[in-house]
Structure formats: structure tokens, C-alpha cells
Amino acid sequence: MNGSPHSGQNFGGFAGSAGVQPHLLHLYLITAAGRFAPHSEQNLPVFTAPQEQRADAPRDFPFSVLARTMRRVLSDSGERILSRAPNRGCTELRRAIAAYLARSRGIIADPEQIIVGSGAEYLYGLVVQLLSRGCVFALEDPSYEKIRLVYEANGADCVMLKMGADGIRSDALFGCAAGALHVTPYHSFPSGVTASASKRHEYAAWAESRGAYIIEDDYDSEFSAAAKQVETIFSVAPERVIYINTFSKTFAPSMRVGYMLLPAPLMREYAARLDFYSCTVPVFEQLVLAEFIDNGDFERYINRRRREMRGRRG
């Protein structure tokens, strides 16, 4: 249907078929100036959101580039943005994420192993169901409290493992009989600890020796000031690691899009038991993010932030 005329109401240049009610986006139309005009108020002056409403947005985020990308997706995709997303996420976004992970993190993955969801908390719930609610989860102590709360709300038992200077203490780790280990190896909160290379290999050895799984929560890893990216645990033990990341920090807090990369054995288990879940991210947001990644704008933004961080530290 792309490029063809459609009958029905015209939403400020976006043609919709009769009876289609745009409910996902409210179809806020983006102007060349990066401002918003709601389709239901086309005769009113265009307004700009007050600064306080965007207080959490990154200060130097290329909003004009994002606005241009949104307009292009609206134009190219047409009514597809009103459709239901495939259960695992749109193919375009999963392919874009797989290519990005290969470039930026050295992770080689099939897009079919990637599950898209509305943020890390939603994905934690899927992990509990995938590993079974009887699985005990070991967490860093201290750690971001919401991780434990989400696991426990989904019926999982959690044990806390004391942190040392370079990650979880070895005596705590190898004295633990949990079936899953949730770690934030790049930047643990609130301790600020980054797991050393030897500690990441230790985590992998622990999982392999026990037949356990690691949930590698790679939040905030893109904003490393180091010239070389930290090796992921997934790269060390791809059969034992569930890799999770989101775009809420790197893209914008309002972009509630996360993804998890499952090892092949768990992907087969997911397909057998959990593939019925609908994707919780609207098609429009997925296509915008895929385009933003594919055209290089996402990595240009990340690289600029890294250079600024290195400059401040240097």
C-alpha cells in the first residue's frame, strides 16, 4: 500500500483508510522544526512542549534527526504502523540490533534469537518464566533494587551475593547453588563496580560448571569512555548467557524498548513455551529505532558522547 492513495480521513498528510483509528501514536505529526501538532487539532497553532516536560531527555540528543526519521517512517510505512507487531518484534529492528551488536560488542547472533519487549523489567519477567519459577536467582549485593522486586513479583526466590572490588566475591559466587546469576558487569548500581576480565570469565566458568544461566544486564555499557569496549560474558559463554539491554539510557527515557538475546538452547525452549506472548512495543517505535540504527545516526550519537566523556576525563 505504500505510496498508493487511500480513501478515508487524511491525518495531516498521513492517509488512513476509513474506519482506521490511530490509537498507538495519537499520530502526533512532526514538523520540520521538530515541533508537534496533534491531528485532532490541526487548525490550532503548533505548540512546543515546555522544557520541564523534557527534563529527562539527553541534553545533546539529535532531536531534529529523530524527527526527520519519524517523518520518513510515517511516509514509507503508511498503515503498517497501525498493525500488530510480530510476537518477537519487527524483523527490521531485530536485524538492526543483531548488526549493531556485532559492530559494537563483538556479539555474533541470529536475529531470530532476539526478543523485543517494552524495557528490561518486562524481559526479566519472561526470563523467570523461561527458566521456571522454581529457579533461584543470585543477584549482586548491593544491586538495583527493582531487579529483585521484579523477580520476586514473578514468583522467583533471590539470594544476594556480596560484591568485591572487581565484581561478586569468589567465595560468595562458588558457595552459591542458584540456577541463574543476574549481573551488571559493565556498571553495577549503586556500587559503580565494573567486573574485571578475569571476573567475567569466572562468572562464565561458574555457569558452565553448574549448568546454570547468567543474565548479563549490559545497561549503560555504550557510554564507556574507554577506547576499547569491554568484552561481554555472552562472547565468553554464548550457550550459558541471556544478554539484556535497553535503549532508555542511550536513546531516550520515553523509548521503552529493550531486547534480550537468548542462547540457542533457550531459544528453542522459548519457541515451545512462550512464543505466544504478543510484542509490547508498537510497530512505529520499532521501525523508527531500526531506521535510526541502520542509517548510522544512533552510533554517531553514541560516539560523540564517548568522545565528550574522554575529553572531560582527559
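This is a predicted model: local features need pLDDT of at least 70, side-chain atom pairs count only at pLDDT 80 or more; totals for chains, interfaces and linings use all residues.
Rings of Phe, Tyr and Trp (its six-membered ring) pair if their centres lie within 6.5 Å; planes under 30 degrees apart count as stacked, over 60 as edge-to-face and the rest as tilted. By that rule, the structure holds 10 aromatic pairs.

Residues are numbered from 1 along each chain as its sequence is written, and side-chain values use heavy atoms, with hydrogens and water left out.

## The chain as a whole

The chain has 10 helices and 12 strands. Helices (H or I, at least four residues) and strands (E, at least two) are DSSP runs, numbered from the N terminus. There are 314 residues, and buried ones make up 50% of them. Buried means under 20% relative accessible area, exposed over 50%, and partly exposed in between (1.4 Å probe, protein chains only).

The chain exposes about 14700 Å². Carbon and sulfur atoms supply 52% of that area. The areas come from the Shrake-Rupley method with a 1.4 Å probe; for residues, only the protein chains shown count as cover.

A contact means heavy atoms within 4.5 Å. Of the contacts in the chain with a separation of 6 or more, 70% are between residues 24 or more positions apart.

## Two cores

A nonpolar core is a set of buried Ala, Val, Leu, Ile, Met, Phe, Trp, Tyr and Cys residues joined through side-chain atoms within 4.5 Å. The largest one has 62 residues. Those with the most contacts inside it are L181, Y203, F247 and F251. Helix α9 (residues 283-294) gives the most to this core, with 8 residues. A second, separate core has 28 residues, including L123, L139, Y151 and I242.

What does F247 touch beyond its neighbours within four places in sequence? The list is I97, A252, M255, V257, Y259, L289, I293 and F298. F247 also belongs to a ring cluster: ring pairs link Y100, Y243, F247, Y259 and F298.

## Aromatic pairs

A pair of aromatic rings is described by the distance of the centres and the angle of the planes. Here are two of the pairs.

| Pair | Type | Centre to centre | Between planes |
|---|---|---|---|
| F61 and Y301 | edge-to-face | 5.1 Å | 75° |
| Y124 and Y151 | tilted | 5.6 Å | 40° |

F61 lies in the loop between β4 (36-38) and α1 (63-77), and Y301 in helix α10 (residues 297-313), so their pair ties together parts that are 240 residues apart in sequence. F61 counts as buried at 13% relative accessibility. Y301 counts as buried at 1%.

The pair of Y124 and Y151 also links distant parts of the chain. Y124 is in helix α3 (residues 120-131) and Y151 in helix α4 (residues 145-153), 27 residues apart. Y124 is buried, with a relative accessible area of 5%. Y151 is buried at 0%.

## T232 in its loop

T232 has its place in the loop between β10 (213-217) and α7 (233-236). Is T232 buried or exposed? T232 is buried, with a relative accessible area of 1%. Leaving aside neighbours within four places in sequence, T232 is in contact with R105, I107, E216, D218 and Y243. Its side chain also joins that of S235 in a polar contact of 2.7 Å. Such a contact is a pair of N or O atoms within 3.5 Å; within protein, one must be able to donate a hydrogen and the other to accept it, and residues adjacent in sequence count only if both atoms are side-chain atoms.

## Glycines and prolines

G117 is found in strand β5 (residues 114-117). G117 counts as buried, at 0% relative accessibility. G117 and C279 are 162 residues apart in sequence, yet 6.1 Å apart in space, C-alpha to C-alpha. Not counting residues up to four places away, G117 touches Y122, L123, R256, V257, G258, T280 and V281.

G175 is found in the loop between α5 (170-174) and β9 (180-183). G175 is exposed, with a relative accessible area of 67%.

The peptide bond from D141 to P142 is cis, with omega near 10°. P142 is in the loop between β6 (136-141) and α4. Another cis peptide bond joins F189 and P190, with omega about 10°. P190 lies in the loop between β9 and α6 (197-210).
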